[in-house]
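Let's work through a few exercises on helix packing and salt bridges. Keep the viewer open and try each task before reading its solution.

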Amino acid sequence: MSHETLTTLLWLAPLPPILAFAVIALFTNRYRQTSSTIAVLAMIASLVMSFIVFFSVWQMKDLGKKPIGGQIGWLPTGETVLNIGVVVDPLGATFLFMVPLACTLIFIYSIGYMSADPRYTRFFAYLSLFAGSMMGLVVSDNLLTLFIFWELMGFCSYSLIGFFYQKPSAYKAAVKAFMTTRVGDMLLLLGMVYLYAQTGTLNFHAILHNEEVLKELAATPAVLGLGISAAGLIAILIFGGTVGKSAQWPLHVWLPDAMEGPTPVSAMIHAATMVSAGIFMLLRFFPLLLAAGEHSAAFTIVGLIGAFTAFLGATIAVAQYDIKRVLAFSTISQLGFMVAAVGIGAYVAAAFHLLTHAFFKALLFLASGSVIHGMEHGHHHVSHAHHSGHEGHSAHGHAPHGEHADPTGDDAHAFDPQDMRNMGGLRARMPITFVTFLIGGLALAGFPFITAGFWSKDEIFADAYYHGLVKGDGLATLVFLVLVASALLTAFYTMRQIAMTFLGQPRTEAAAHATESVPSMTFPLIVLAVFALFIGFINIPKDFPIFGALMGDGAFWLKNFIASMLLEKPEPLAFNIVPVLFSIGVALGGLALGWLVYARHPLQAGQTDPVEKLPVFDFLHHRWYWDELYRKIFINPLQAIADNYSRVVDKGVIDRILEGGYALGARVTQGFAEFDRVVITGFSDAVGRFFRSLGDWGRELQTGQVQNYLLSGLIMVIAILAFFLFLFQ
């Protein structure tokens, strides 16, 4: 296929979902089936165009050095014009495969999941814009249009996280996500401005694939005398955007609360859009990190924040009961794996884990949504049995999602279909959901050899081990040890979640009457499960025993493909059995520990969770108290400043000035009214009264008697003669 055709497809690929948003919002918002059909067909159209591009370029060896794309002049900047355009390079092509595929499956799933919701069409409108924005971000060839689509996703996440806005927790979560990510976005904006000031362009290829530009940035001291280069400072500022978007510490607090949105939105955020965008941008700017120096402050900051976030998320996930929040903290942890990998220079390993994670985390979220759907069905089945003629039943036997919480915010007595303590025994009630969730969970835990998560995690371990314990890099050693501990916890809480949800006996009537989801929901689970198992085979090392030989020429395909973007292709690491043993050991060890604690003797109704006996349970359950800490350090002082400002400046100064102005204005107005009444209106009325009196007097002369007319004429003649005599005297 010609480059011109591929460029045209790149321009067109993001448009169908964006147009679907406009059509649904303007024309079909009253027609549920029509709106969802338009949204799904638009996403499929985007998928087809993306796949055509991907399968046309996936074997091009020089795509990294000579990406395909086009530009148009857009924004005048003095004597020059800022161009915008589209591009596909190895990194973008990989995302053109993953993003539309995951989004399409999520769209199909949403037809069943949101079927009972009264705001069904609005949901598909926002979801379409969300997907279109991510597609636009992937094909952008410069930082400015990337930032525009980046912000569009921020708006979409705000709208969809707060979709159930009748719940106070939902709209508060939406505001929290919006405000928290703004902090990162501001850093990104500063980095973008600084980068443009230094280079005069925001085009990726012109900056990141130009050795002279990178050397110039590396040789230029950063502003403010920070002791680092301009390349380092710009990389750190841009990484700030990743910290916000991809929920890295210390801006991680918004992502767990984002679970207030519908489950398909959670899957979109955690797999195909929002958080993936942050890592995608970090990977795209990896050459800038390299330019800053292998042991620069930028690499150190990225590596430390990633490793700490991985451990932080894993520890908190151990002590959560909400099935979606366990996955949310798991996402934070796995994103930390990717960021830490970038921090030690493991560029390909980070991209590989991002790709596999997108599939198995989308699978886990959609499967958890299926569990919630089944629990709600069971709950309403029981309610219906107890209250025959229950009017709240929908045609599908369940109420809209998000309606189990008390709208007033007092959820103490509301049934929670997401609490794993209310589940148990769902393996028999929901077999497809169980099997697919199990596959996703094993991939997340890194179960050896047959899951995608094992291969991508193993590559991160291999890089960290080689650079740390073999080459002696302190940061890489720390990253390796922290990630090993985090992986052990990941396997443990994954087995805990599987056992509490699916094994044993039902702990509530709702769980006992839960039913399998509809085919439109289970079909995407099956497709994603296939990818969660096999997508990892695209990057098996050539010298890995047995599997490397089985893959033949396909071994290390992703590494060979995506590493071609770098100016210097990284040397492949020799096979080392030690990190592999660590990878297998922590996965099987964590799963075995979880099995011993939760699966061998499943929880009974009313039984205390064993993790509650841990002395650190409250600390972990309350998320290390980060929210409380932020409330004391930031929110409360800012609230106090705002209150004082309102009381002193707003009410004490501005309101009084305005009130004085209002009073003065009222008096002036009253004066004008009096002037009008006395002068304007009074004079006019007097003139009117005079002429009316004159008219009345004249009318009285009309008597019809000739002698009166003669007398009047005589008087007029005398008066005229007297006037002229007086005048010419």
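Some notes on the model come first, then the exercises with their solutions.

This is a predicted model, in which local features need pLDDT of at least 70 and side-chain atom pairs count only at pLDDT 80 or more, while totals for chains, interfaces and linings use all residues. Residues are numbered from 1 along each chain as its sequence is written, and side-chain values use heavy atoms, with hydrogens and water left out.

**Exercise 1.** Find at what angle helices α16 and α21 pack, and which residues make the contact.

*Step 1.* Locate α16 at residues 323–343 and α21 at residues 474–502; their axes lie 11 Å apart and the packing angle is about 160 degrees. Therefore α16 is roughly antiparallel to α21 (the label applies to angles over 145 degrees).

*Step 2.* Now list the contact (heavy atoms within 4.5 Å). From α16 come Ile323, Val326, Leu327, Ser330, Ser333, Gln334, Phe337, Ala340 and Gly343. From α21 come Leu475, Val479, Leu483, Ser486, Ala487, Thr490, Tyr493, Gln497 and Thr501.

*Step 3.* Sort them by class: the contact of α16 with α21 has 10 nonpolar, eight polar and no charged residues.

**Exercise 2.** Work out which parts of the chain arginine 284 and aspartate 89 tie together.

*Step 1.* The two side chains form a salt bridge, with N to O at 2.8 Å (the term means a side-chain nitrogen of Lys or Arg within 4 Å of a carboxyl oxygen of Asp or Glu). The structure holds 15 salt bridges.

*Step 2.* Arginine 284 is in helix α13 (residues 274–284), and aspartate 89 is in the loop between β2 (80–88) and α4 (90–113), so the bridge joins parts 195 residues apart in sequence.

*Step 3.* Check accessibility: arginine 284 and aspartate 89 are both buried (buried means under 20% relative accessible area, exposed over 50%, and partly exposed in between, with a 1.4 Å probe and protein chains only).

Methods: Axes are lines fitted to C-alpha atoms, for helices over the stretch in contact, and angles run from 0 to 180 degrees between N-to-C directions. Helices (H or I, at least four residues) and strands (E, at least two) are DSSP runs, numbered from the N terminus. Angles under 35 degrees count as roughly parallel, over 145 as roughly antiparallel, 65 to 115 as roughly perpendicular and the rest as oblique. Ala, Val, Leu, Ile, Met, Phe, Trp, Tyr, Cys and Pro count as nonpolar, Asp, Glu, Lys and Arg as charged, and the others, Gly among them, as polar.
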